[in-house]
Every structure is written in structure tokens, then in C-alpha cells.
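Please look at the sequence and the three-dimensional structure shown below. The paragraphs that follow lead through selected parts, one after another.

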Amino acid sequence: MVAAIKKKRPMKLTNDNYYSHDTDFQYLSKSVFAMFENCEASAMAQLKDEWKPQPKQNGQPDPLIFGNFIHSYFQGEEAHKDFLKDKDVQKEVYKYGNPEKGFKKAYSKSGEATSIIDKLGLNGRFNYYYKPQQSESKEIIVTGQIDGYWWKGKIDSLNLDKNYFCDLKTTKDIHAVNWIKDGDYNVKTNFVEAYGYYMQMAIYQELIKQTFGKECLPLMFVVSKQSVPEVANLVFDRRDPDVNYLMNDAMDKVKELQPHIWRVMMGEEKPENCGKCEYCRYSINDPEFILPTEIEV
Ligand SMILES: [Zn+2]
């Protein structure tokens with residue numbers, strides 16, 4: 001199985017097919033991997049277009065479109081304009097989905113998205129490392145093999161002259177407590193570990209190395225989605241033993257889990273339900289009896 005994937009080079013990635021489910025079935029990616037880690041059944045239903053997560057309620061911005069609004073702004077004027085032409089985006093950002101009616105609250109002059117953009121504009125390190133580059137160095141597609149499996153990644157901003165790359169993230173609250181599973185225990189950690197960002201940076205570092213032959217330093221610029229936003233500038237410096245350990249550990253997890261994920265994607269193994277997510281709540285109607293002590297928290 002692995003040997004077969006190794007030999008056959010998958011279809012070439014472009015900006016048009018990068019996010020398509022066709023290429024998701026040829027390359028693994030951080031986002032698809034994370035979907036499978038959360039719930040295999042939900043991941044498969046989404047990849048096969050059989051189910052979509054419910055839209056957010058009570059006027060809360062859609063996190064994906066909200067994030068891309070900010071990303072495309074810093075990609076450049078042209079990219080931002082193109083982004084705003086998309087029908088789904090227009091439905092989310094404009095009143096009644098109509099550009100002539102003006103932006104909805106979150107995207108207006110006094111809204112969250114604007115205050116995040118303004119806050120980033122004041123960040124000297126962000127301006128120096130992320131912003132002033134050519135548009136050619138933004139949203140760079142990279143590919144490579146990890147243990148024989150093909151992976152894809154899109155780098156927000158890449159500087160091959162100075163050997164670093166940047167990722168831009170928005171998060172609820174930089175200091176929020178997040179719980180992750182460690183064997184049978186729930187342990188507290190920050191958003192970087194909880195959202196798999198050590199994994200993402202380790203994968204991107206590897207794919208850049210395979211695509212361009214250069215070892216690049218991962219930088220992450222983070223802004224919180226709070227009425228008064230906070231910024232954090234993060235460097236994933238492997239000279240620090242803990243950071244190096246967490247990045248290597250995340251890569252080991254990729255190598256350990258990807259054969260099973262791949263077999264599920266190829267229909268060779270059955271996807272498992274997590275029993276807790278939105279898709280499981282929607283699709284499970286007649287569950288087995290369990291003991292009250294078995295309810296997971
Ligand atoms: Zn589930």
C-alpha cells in the first residue's frame with residue numbers, strides 16, 4: 001500500500017484545486033488530519049460531501065471566513081478583492097449578502113475584523129517579517145512525502161532568502177485554557193498544542209525542505225478575537241529542547257496515525273464515530289446502553 005503511494009505522484013496542485021476534496025483524497029494535509037483525529041466518521045462524511053457542519057448561530061462570524069478575511073487583507077489588495085467576490089463570502093460579510101448594503105457589524109469599520117487588522121498594523125515584527133514581501137511569496141503551495149505518504153501545505157508567507165516562514169492565526173483568547181487527552185487523562189495546555197500547531201509547523205518545515213531544499217524557521221503571528229485584541233509573536237525555535245520535543249512528538253504522531261487514516265480514506269477500514277461531535281449527535285439515534293460512569297468528559 002505505502003509503496004504504491006510512493007511510486008505514483010498525485011495530481012499537480014494549483015490555487016484552484018488546493019482545497020478541493022479531489023486533492024484531499026491524494027494528499028494528506030494538516031486540516032484533514034485534524035478532522036480525522038477529532039472524528040473519523042465526521043471527517044469522511046465531510047470529505048465525501050455527505051454532510052456539512054451547521055452554520056454558526058446568533059450572528060457569530062463564521063471562523064473560517066473571518067480568518068480568511070484577515071489573511072487575504074495581508075496578502076494584498078488584489079487577493080482581498082478576489083476573496084470578496086466569492087458568493088459564500090458575500091453572504092457572510094455583507095448585510096443581506098449584498099455588497100451595496102455595506103459590511104455586517106463584524107467586518108465594518110468598528111468591527112472585530114478591522115480592529116484585528118489595525119492591531120496587526122501596529123506590530124513592528126509582523127510588518128517586518130510578514131508584510132513587506134512580494135505577493136509571489138504569499139500562499140505558497142508545498143508538497144512532499146512523510147514516510148511515503150504525500151502531503152500538501154499552503155504557506156502564508158515564505159522568505160527563502162532569509163530562511164523563515166510565517167503563519168498568521170486568530171484565536172479566541174491567547175491565554176485560554178484548553179484540555180487535551182493524554183492517555184486516560186485530560187491535561188491542560190495552551191492553544192498552540194491544543195490546536196495542533198506544533199504539528200502544523202513541523203509538517204510545513206519538512207514540506208518546505210522537500211520542495212525548496214531549505215530549512216526554514218517557523219514564525220507565528222497570533223491575534224486574539226477579543227474586543228481589545230492581544231498579539232503574540234511566536235518563534236518555533238528547535239534549539240529550545242521543549243519546542244523541539246513537541247515538534248518531533250507531533251511528527252511521530254503523524255507517522256503513527258497516517259497509515260490508518262489513509263486506509264479509512266481509501267475505504268479499506270471503517271471510520272469510527274467519536275460519539276461526541278456535531279456529526280455524531282446528528283447521525284446516532286439509537287445508541288447502545290452504557291453505564292453512567294462511561295460518559296466521557
Ligand atoms: Zn464524531
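**A walk through selected elements**

At the start of helix α12, a side-chain oxygen of Asp240 comes to within 3.0 Å of the backbone nitrogen of Asp242. The model is a predicted one.

Helix α12 itself covers residues 241-265. How far apart should its ends be? At 1.5 Å a residue, its 25 residues should span 36 Å, and the end C-alpha atoms are 35 Å apart, which agrees. Along the way, α12 has a kink of about 40° at Leu257, shortly before the proline Pro259. Several residues of α12 are buried, among them Val243, Met247, Ala250, Met251 and Val254. Further along, Gln258, Ile261, Trp262, Val264 and Met265 are also buried. Just after the helix, Gly267 adopts a positive phi of about 75°.

Helix α11, residues 197-212, can be examined in a similar way. Its 16 residues should span 22 Å at 1.5 Å a residue, and the C-alpha atoms at its ends are 22 Å apart, in agreement with that expectation. The buried residues of α11 include Tyr197, Tyr198, Met199 and Gln200, and Leu207 and Ile208 are buried as well. Just after α11, Gly213 takes a positive phi of about 70°.

The next topic is the cysteines. A search of the whole structure finds zero disulfides. Cys216 is accordingly in no disulfide, and the nearest cysteine sulfur, that of Cys166, is 10 Å away. Is Cys216 buried or exposed? Cys216 counts as buried because its relative accessible area is 1%, which is under 20%.

Strand β1 comprises residues 138-146, and Lys138 belongs to it. Lys138 is buried yet has no salt bridge; the nearest side chain of opposite charge, that of Glu139, is 8.6 Å away. A polar atom of the Lys138 side chain does, however, lie 2.9 Å from the backbone oxygen of Tyr130.

Glu139 also lies in strand β1. With a relative accessible area of 17%, Glu139 is buried. Most residues other than glycine have a negative phi. Phi of Glu139, by contrast, is positive, near 50°. Asp147, likewise not a glycine, has a positive phi of about 50°. Where is Asp147 placed? Asp147 sits in the loop between β1 and β2. Its relative accessibility is 46%, so Asp147 counts as partly exposed.

Technical notes. Residues numbered from 1 in each chain as written. Predicted model: local features only at pLDDT ≥ 70, side-chain atom pairs only at ≥ 80, totals over all residues. Heavy atoms only, no water. Helix = DSSP H or I, 4+ residues; strand = E, 2+ residues; numbered from the N terminus. Expected span 1.5 Å × (residues − 1). Buried < 20%, exposed > 50% of the residue type's maximum accessible area, 1.4 Å probe, protein only. Bend = angle between axes of the 7 residues up to and from the residue. Polar contact = N/O pair within 3.5 Å; in protein donor to acceptor, adjacent residues only side chain to side chain. Disulfide = S-S within 2.5 Å. Lys, Arg positive; Asp, Glu negative; His and termini not counted. Salt bridge = Lys/Arg side-chain N within 4 Å of Asp/Glu carboxyl O.
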